[in-house]
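Here is a friendly set of notes to read alongside the model. Please keep the sequence and the 3D view open as you go.

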Amino acid sequence: MKSLIDGIARSALFTLDPETAHWLSITALKSGLVPACRSSDPRLAVTLAGLAFPNPLGMAAGYDKNAEVPSELSRLGFGFVEVGTLTPKPQSGNPKPRIFRLVKDHAVINRLGFNNQGHAEAHARISGRRREGILGINIGANKDTADRVGDYVAGISRFAGLADYFTVNVSSPNTPGLRNLQSRDALAELLSRVLAERDAKSKRVPVFLKIAPDLTEPDLDDIAAECLAHRLDGVIVSNTTLSRTGLSADPKSGEAGGLSGRPVFARSTIVLAKMRQRLGADMPLIGVGGIDSAETAAEKMRAGADLVQLYTGFIYGGPLLPGRIVRDLSRLCDRENLARISDLRDTRTADYAALAIPE
């Protein structure tokens with residue numbers, strides 16, 4: 001019955017434009033009408049970067065841009081929630097329409113452009129509410145800033161007392177020139193300044209770097225070298241792609257922006273495995289891209305991920321999806337006789353890393 005109601009609600013939302021549907025879903029979570037679903041299976045617990053995650057499934061940045069419902073999302077079954085991307089000043093983002101559903105592909109194209117209410121609003125909201133669950137804060141730069149790196153430093157400074165971890169987002173394709181921060185010299189400066197600001201605080205908060213899936217092998221070499229040199233706490237692989245490879249015929253597939261959802265799974269998983277090989281066994285990795293089931297989550301772990309995140313899968317799967325994935329991961333542990341879910345990690349890294357990154 002819950003699945004039937006969930007399906008009807010999702011069908012109703014899909015009659016609306018994506019941004020209106022998104023606003024309604026946030027409103028529903030605030031109302032408390034969405035049923036909670038928590039897991040207590042100790043086999044799903046993962047500890048990394050000094051944090052104890054109750055399960056490996058997280059909500060990726062982009063859904064709760066303004067930190068309105070992190071606790072409510074945790075109650076749905078997510079082991080951690082990442083809010084943002086947050087920029088120092090509020091900004092409206094790119095002109096509408098800017099989100100496009102590709103229903104046949106279970107995919108989305110967006111060119112939002114870091115639309116958010118800014119640091120001050122999010123800080124007040126987070127500090128003014130009781131917290132539940134692990135909270136990640138994804139930080140970015142304003143489109144019109146004169147000092148992009150300075151905007152990331154400002155994010156560390158503002159939220160150091162509230163974040164359980166930070167994500168430095170240099171991989172959105174929707175802010176012109178942002179991905180240039182993934183180049184080696186620019187990344188070295190960014191990581192140096194961000195980590196210096198973090199280390200100046202009394203609370204040491206882990207810092208992760210979120211990278212794009214549209215990278216060459218030499219790009220991955222450079223990024224891995226800088227992450228290791230700066231002793232970064234972890235890497236998130238990956239953001240949306242500019243590629244349109246493998247999409248079904250849909251007039252919206254030609255829209256500009258980043259593609260997310262099922263078509264990104266292979267590309268992002270290959271890049272994840274290649275980064276695991278470059279970064280070694282000790283660097284925490286979070287796998288993102290095309291996760292919409294326990295099996296796709298497990299496959300990310302087999303490719304080298306310690307944790308996984310989803311967002312587009314939530315659009316198509318609805319609010320019962322995280323609980324369903326977590327329950328199915330427990331069943332997977334039963335089926336494969338796993339003492340802990342992390343035993344899956346790296347069992348297929350070599351297979352995925354041997355594949356070429358798609359054009």
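Which glutamate side chain meets the side chain of arginine 125 in a salt bridge?

1. **Ground rules.** This is a predicted model, where local features need pLDDT of at least 70, side-chain atom pairs count only at pLDDT 80 or more, and totals for chains, interfaces and linings use all residues. Residues are numbered from 1 along each chain as its sequence is written, and side-chain values use heavy atoms, with hydrogens and water left out.

2. **The opening question.** The partner of arginine 125 is glutamate 121, at 3.8 Å, N to O. A salt bridge here is a side-chain nitrogen of Lys or Arg within 4 Å of a carboxyl oxygen of Asp or Glu. Both residues belong to helix 4 (residues 118–127), four residues apart, or about one turn of the helix. Helices (H or I, at least four residues) and strands (E, at least two) are DSSP runs, numbered from the N terminus. Arginine 125 has a relative accessible area of 21% and is partly exposed; glutamate 121, at 43%, is partly exposed too. For these words, buried means under 20% relative accessible area, exposed over 50%, and partly exposed in between (1.4 Å probe, protein chains only).

3. **Helix 2.** Do look at residues 18–31: this helix has 14 residues and reaches 20 Å from its first C-alpha to its last, close to the 20 Å expected at 1.5 Å a residue. That expected span is 1.5 Å times one less than the number of residues. Ala21, Ser25, Ile26 and Leu29 are buried in helix 2. They cover an arc of only 140° around the axis, so they sit on the same side of the helix; the arc is that of the directions from the helix axis to the C-beta atoms.

4. **The ends of helix 2.** Just after the helix, glycine 32 takes a positive phi of about 80°.

5. In one of them, arginine 98 meets glutamate 19 at 2.7 Å, N to O. This pair links distant parts of the chain, 79 residues apart: arginine 98 is in the loop between strand 4 (80–86) and strand 5 (99–102), and glutamate 19 is in helix 2. Arginine 98 counts as buried, at 5% relative accessibility. Another bridge joins glutamate 132 and arginine 130 at 3.2 Å, N to O. Here glutamate 132 is buried at 16%, whereas arginine 130 is exposed at 66%.

6. **Aromatic pairs.** Rings of Phe, Tyr and Trp (its six-membered ring) pair if their centres lie within 6.5 Å; planes under 30 degrees apart count as stacked, over 60 as edge-to-face and the rest as tilted. There are seven aromatic pairs by this rule. Phenylalanine 14 and tyrosine 316 have ring centres 5.4 Å apart and planes at 75°, so this pair is edge-to-face. Phenylalanine 14 lies in the loop between helix 1 (2–13) and helix 2, while tyrosine 316 lies in helix 10 (residues 312–317), 302 residues apart. Phenylalanine 14 is partly exposed at 24%, and tyrosine 316 is buried at 8%.

7. **An aromatic cluster.** Finally, please find Phe53, Phe80, Tyr165 and Phe208, which form one aromatic cluster.
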